[in-house]
Amino acid sequence: MTGSIQTLPTEVVNLIAAGEVIDSLAAVVRELVENALDAGATRIAVAVWFDLWRVRVADNGTGMDLTDLQKAASAHSTSKIKSRDDLYKITSLGFRGEALHSIAALAELEICSRQTGFEGWRCTYNTQGEAEETEAVAIAPGTVVTVSNLFGKWRLRRQGLPSRSQQQRIIQATIQNIALCHPSVTWQVQQSDRSWFTISPGKTTQQIIPQLLKQVRVHDLQQLTLDVPTPEEGSAGEIREFTYNSTPKTRHGASLHLVLGLPDRCHRRRPDWVKVATNGRLVRSPELEQTILTAMAKTLPRDRYPICFIHLQICPSQIDWNRHPAKAEIYLHSLSYWQEQISQAIEQALRIGAENFDTASQSHRVGKLLTASAKKGVYHLDESPKQERNPSDIGLIELKAVAQVRNMYILAEHDTGMWLIEQHIAHERVLYEQLCDRWQLVPLEPPVILNYLTPVQLEQLQRIGLEIEPFGDQLWAVRNAPALLHQRDDCADALLELSLGGDLQNAQVATACRSAIRNGTPLTLEQMQTLLNQWKMTRHPRTCPHGRPIYLPLEESALARFFRRHWVIGKSHGI
């Protein structure tokens with residue numbers, strides 16, 4: 001809490017945009033948990049009894065004294081803002097002073113609270129939010145809020161709520177979304193006196209996501225934290241930075257925390273894990289969500305979506321929390337600036353470099369292959385844990401072409417092992433990004449003649465900038481083409497392929513695929529080295545534009561375990 005609880009002035013109440021705060025059990029959970037986080041809690045226990053319409057939230061936060069406890073459920077009473085000016089520098093999750101008052105009007109409300117070093121107190125409240133019974137109680141420092149018989153006097157409200165299973169999913173999603181924004185908090189959730197789920201704390205959100213998505217491992221995720229300058233309109237004066245479970249500290253600037261599922265390892269069937277948070281709260285921001293999807297375009301398989309969590313910690317003056325009644329959508333000033341920062345962060349996270357290359361994560365898949373192979377032989381791998389190499393030890397990645405395997409894969413070595421790179425899709429990634437950067441159409445002399453084009457195909461070719469003229473009955477002359485295609489023998493076939501595509505981006509993908517080195521093509525060491533140098537500098541080197549993984553790492557540590565190079569000679573000879 002930032003201070004004692006006080007009733008807001010009428011002028012502030014009139015400025016607050018608030019809708020119906022409590023409309024379900026999930027809303028009760030959300031409001032009580034946010035209060036616990038604002039109180040600095042690092043351990044939160046949530047219990048739900050659906051049959052009794054009861055919720056209990058216990059935390060180890062700062063607690064309240066008796067005076068604050070008696071005023072806690074009064075209308076528009078809060079310790080988080082005092083005046084109208086505070087509406088423009090909000091750093092807490094709750095600030096309107098309505099939640100507990102609304103709960104008291106709709107249910108039976110009881111709060112027990114104790115500050116460290118002081119006596120604990122218990123209060124119950126009437127439907128007006130006034131304290132009725134007050135008594136001393138022995139509890140640990142913190143607060144326990146119990147809400148019972150929700151909507152007991154409004155049975156029709158209960159009937160209009162989702163089914164129990166739907167409410168369970170909503171409550172679970174509510175807690176999980178909050179946990180993403182506050183990774184250092186321990187969560188224990190019960191349902192009808194039985195353990196439901198737990199979330200262990202982590203240093204960052206990278207340790208939280210694998211607990212929520214069981215098919216995702218920590219090594220499948222890339223995290224990145226960047227300090228970014230605040231736009232000019234918000235740079236004057238000092239900036240209050242949101243920090244987990246602590247008093248906001250003063251600094252100039254902002255930060256962007258990104259956790260991204262690497263596209264060659266994990267993705268989703270729906271865009272349900274494209275998530276944006278700001279200053280500790282998960283929010284809806286269609287513009288920022290679309291920015292993420294655009295930045296990840298042509299890195300994932302068709303009809304697949306990324307796993308991406310963005311947390312912006314920015315000056316409160318950059319945000320208007322008070323425009324959405326439920327505080328569910330964010331209104332950012334300088335929106336285009338933040339979109340640009342997010343795009344650049346995703347591009348940086350997808351690059352292969354010393355700052356974001358993890359040996360253990362890259363070799364995880366091949367380690368499984370080696371383990372499976374070893375189990376088929378006489379000797380088995382030593383599965384005792386080994387100390388993982390720190391990614392910072394890798395340094396600048398220098399790939400040296402060693403050989404070509406089956407005229408399909410380039411074998412390259414570097415300081416920590418070797419990689420297999422499929423030549424066609426690596427070249428496809430190079431060409432695609434070149435086409436995106438400079439889409440160039442050149443004249444065709446003589447023109448390419450196509451026949452039997454449908455009106456849709458004609459429209460498609462014209463959409464991507466090609467000049468087409470009638471050349472006879474069901475014949476069409478194409479007088480220009482992408483630079484990569486104009487000297488190819490199969491230019492006509494390539495143009496027909498482009499006529500079946502969609503937008504310009506799809507045409508660029510098709511052109512890159514058609515123009516890339518074919519598998520089965522012999523390459524010299526010099527040609528292989530040139531391709532490696534071009535590929536590793538692309539913006540999205542992990543996957544081709546169709547979402548296929550480009551390289552397979554064979555790290556030295558995994559090879560050493562497979563060949564048991566730690567054995568002494570005597571042991572290896574049976575002595």
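Q: Is C181 buried or exposed in this predicted model?
A: The structure is a predicted model. A residue counts as buried when its relative accessible area is under 20%. C181 has a relative accessible area of 0%, so C181 is buried.

Q: Is C315 buried or exposed, and how many disulfides does the whole structure hold?
A: C315 has a relative accessibility of 7% and therefore counts as buried. A disulfide would need two cysteine sulfur atoms within 2.5 Å. A search of the whole structure for such pairs gives a disulfide count of zero.

Q: Which residues of helix α14 are buried, and why do they line one face of the helix?
A: Helix α14 spans residues 491–499, and its buried residues are C491, A494, L495, L498 and S499. Viewed down the axis of α14, these buried residues fall within an arc of 145 degrees, so they line one face of the helix. In general, an α-helix has 3.6 residues a turn, so residues three or four places apart point the same way. The arc asked about for α14 is 145 degrees.

Q: What covers the buried residues of α14?
A: The cover comes from both strands and helices. The strands include β21 (441–451) and β23 (475–482). The helices include α13 (455–463) and α15 (504–515).

Q: Which residues of α13 are buried, and which exposed residues sit on the face turned away from them?
A: In α13 the buried residues are Q457, L458, Q460 and L461. They cover an arc of only 160 degrees around the axis, which puts them on the same side of α13. The face turned away from that buried side carries the exposed residues P455 and V456.

Q: What covers the buried residues of α13, and which residue with a positive phi follows α13?
A: The cover of the buried residues in α13 includes β21, β22 (468–472), β23 and α14. After α13 comes a residue whose phi is positive, near 100 degrees. That residue is G465.

Q: How many residues of strand β14 are buried?
A: Strand β14 covers residues 254–261. A254, L256, L258 and L260 point one way from β14, while S255, H257, V259 and G261 point the other way, and all are buried. β14 is largely enclosed by the rest of the structure, because its buried residues number eight of eight.

Q: Which strands pair with β14, parallel or antiparallel?
A: Strand β11 (residues 221–228) is joined to β14 by eight bridges, with L226 opposite L256. Strand β17 (residues 308–313) pairs with β14 over six bridges, with V259 opposite F309. The pairing with β11 is antiparallel, and that with β17 is also antiparallel.

Q: Which side chain makes a polar contact with the side chain of Q191?
A: Q191 lies in strand β9 (residues 186–191) and, at 14% relative accessibility, counts as buried. Leaving aside neighbours within four places in sequence, Q191 is in contact with V48, F50, R164, Q168 and W196. The polar contact of its side chain, at 3.4 Å, is with the side chain of R164.

Q: Where does the pLDDT fall below 50, and what does the chain average?
A: Over residues 234–251 the pLDDT is below 50, although this stretch has 47 contacts in the model beyond near neighbours in sequence. Residues 359–363 also stay under 50, with 14 contacts beyond four places in sequence. Where pLDDT is low, the predicted coordinates should not be read in detail. Across the chain, 80% of the residues score at least 70, and the average pLDDT is 84.

Note on methods: Residues are numbered from 1 along each chain as its sequence is written. Side-chain values use heavy atoms; hydrogens and water are left out. Buried means under 20% relative accessible area, exposed over 50%, partly exposed in between (1.4 Å probe, protein chains only). Helices (H or I, at least four residues) and strands (E, at least two) are DSSP runs, numbered from the N terminus. The arc is that of the directions from the helix axis to the C-beta atoms. Contact means heavy atoms within 4.5 Å. pLDDT is the predictor's confidence in each residue, from 0 to 100. Two strands pair if DSSP finds at least two bridges between them. A polar contact is a pair of N or O atoms within 3.5 Å; within protein, one must be able to donate a hydrogen and the other to accept it, and residues adjacent in sequence count only if both atoms are side-chain atoms.
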